[in-house]
Amino acid sequence: MSAQNFWQAREMMGKPSPARERLAMLFDADSFVELDGFVMTGDEPAGVVCGYGAVMGSPACAFAQDGSGFGKAQAAKIAKLYDLALKTGIPVVGIYDSAGARVAEGVGVLAAYGELLLRINNLSGVVPQISLVAGTCAGSSALLACCADFVVMTKDAQFFMTPPALSQDKAEGAGTAEAAAKAGVAHVVADEDAQAMDAVKQMLMRLPLNNLAAAPVLDFAAPAGELPAAGASGQALAAAFCDSGSVVELLSSFAENCAYTALASMGGSPVGVVAASGKLTADGCNKIAKMVHVCDAFQIPVVTFVNATGFEPSSKAELCGSVREMAKLSHVYAEATTAKVAVITGKAYGAAYVALAGRAANSDYTIAWPDAVISPLEPQAAVAFLYGDKITPETSREQVQAEYEQGEASALAAAKGGHLDDVISPELTRPAILAALDLLSAKRVSRHPKKHGNLPL
């Protein structure tokens, strides 16, 4: 390279571009170090900016595509960044904005996608990975982005495998951020790049550098939310018991009627928050299982609030494989070795209790509020099976059911049987959780030697 070409390339490295602007938003001022800045595709830049730096004071790797085509040179740069993250044990943030594969490079570009997919898989569960879809992310790039632990999108971004225009049904809204959020693909949807970067930073703050690193310790303030009543929403429970301003809700538009998930902190320590309510659907099971799976990979404690009456029993749900998703949820909870605390705030019936709060199914600490109802069947069904003879002209079905809920199905009865660790009033919930998490911070579990469990997929 001649001296003139060298300085032209050097000038190109510092030239403003959407990719560089996005990385500047992500990293702390003057901390970003670019890697392989001179790599070209023919006479053009490779189409991606890669490097490392500090995000809120902690190290991280990141790449940002500039909207051009994806080719072998770009893949090589990103692959080198993944290798660096694996060697150093630091998180990776991928900012996706590409016009698609460079078709002229032939099968070689498919091999390049495959190499990146392999590296993402090797990094999975070792270091946190966050994808930020800030422009078009299509085809194999969408596959790569979706394999990260979390996906953030800007509202105007596009995310699809097959172009919506070529789809046979041409569904309205296909490929949009809104559709990705409703499908459970996008964990967070932001209005613009700056808001999306803030979401990424908030996630990174609540994640360890890698699966062997200690969880970060955060500054915290007491919860700002009011004490919730039985049946409160997941948002209300998180606001009442998590540190003020620490809650980052995830997948808010997916299965929102029965499941709530968030990253937050309690007493300055990161936690994954899950709230199950009503009857869990197949999507609700998937949403919760994904959250617990990621938390377990990085040894983040999971706090589960339970007010679930079971699983959605409709024939349509059965045809959609809801039993498989319920089994998947149960499998993930039972297999997870991270600290797990369950709080039964209202109802916990049948398999929902077993999977989410059952001590025999690997919950480390399970408590309930005094008015909680814990039953192998819904109380109406239990009364019909067991106490039909008690229903008389003088004693109504409602009275018999109330006696059942206040007696055999009460939290106190479950505690007497050794199925709960404690029954506490709602105002003591946060101190009880903090004490349990403090004790469980030293938890160690050894599993039987095996390649992996048979997750119901």
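In which strand is Ser375 found? In this predicted model, Ser375 belongs to β18, a strand that spans residues 373-375. Ser375 counts as buried because its relative accessibility is 4%. A polar atom of the Ser375 side chain lies 2.4 Å from the backbone oxygen of Leu377.

The loop between β18 and α13 (379-386) holds Glu378. Glu378 forms a salt bridge with Lys279, and the closest N and O atoms of the two are 2.3 Å apart. The pair links distant parts of the chain, since Lys279 sits in strand β14 (residues 269-280), 99 residues away from Glu378. Glu378 counts as partly exposed, at 28% relative accessibility, and Lys279 is likewise partly exposed, with a relative accessible area of 28%.

The structure as a whole contains 13 salt bridges. In one of them, Asp243 pairs with Arg430, the closest N and O atoms being 2.9 Å apart. This pair also connects distant parts of the chain: Asp243 is in the loop between α8 (234-241) and β12 (248-250), while Arg430 is in helix α16 (residues 429-440), 187 residues apart. Asp243 and Arg430 are both buried. Glu325 and Lys328 are both buried. Salt bridges also link Arg22, Asp97 and Asp193 in a network.

Lys77, in helix α3 (residues 72-88), is buried yet has no salt bridge. The nearest side chain of opposite charge is that of Glu34, 4.7 Å away, whereas a salt bridge requires a distance within 4 Å. The Lys77 side chain does reach the backbone oxygen of Asp36, at 3.1 Å.

The cysteines can be considered next. The structure holds zero disulfides. For Cys137, the closest cysteine sulfur is that of Cys146, and the separation of 9.1 Å is too far for a bond. For Cys295, the closest is in Cys242, at 12 Å, again too far for a bond. Cys137 is buried, at 1% relative accessibility, and Cys295 is buried with a relative accessible area of 2%.

Met161 is placed in the loop between β10 (158-160) and α6 (177-182). Met161 counts as exposed because its relative accessibility is 51%.

Key. Residues numbered from 1 in each chain as written. Predicted model: local features only at pLDDT ≥ 70, side-chain atom pairs only at ≥ 80, totals over all residues. Heavy atoms only, no water. Helix = DSSP H or I, 4+ residues; strand = E, 2+ residues; numbered from the N terminus. Buried < 20%, exposed > 50% of the residue type's maximum accessible area, 1.4 Å probe, protein only. Disulfide = S-S within 2.5 Å. Lys, Arg positive; Asp, Glu negative; His and termini not counted. Polar contact = N/O pair within 3.5 Å; in protein donor to acceptor, adjacent residues only side chain to side chain.
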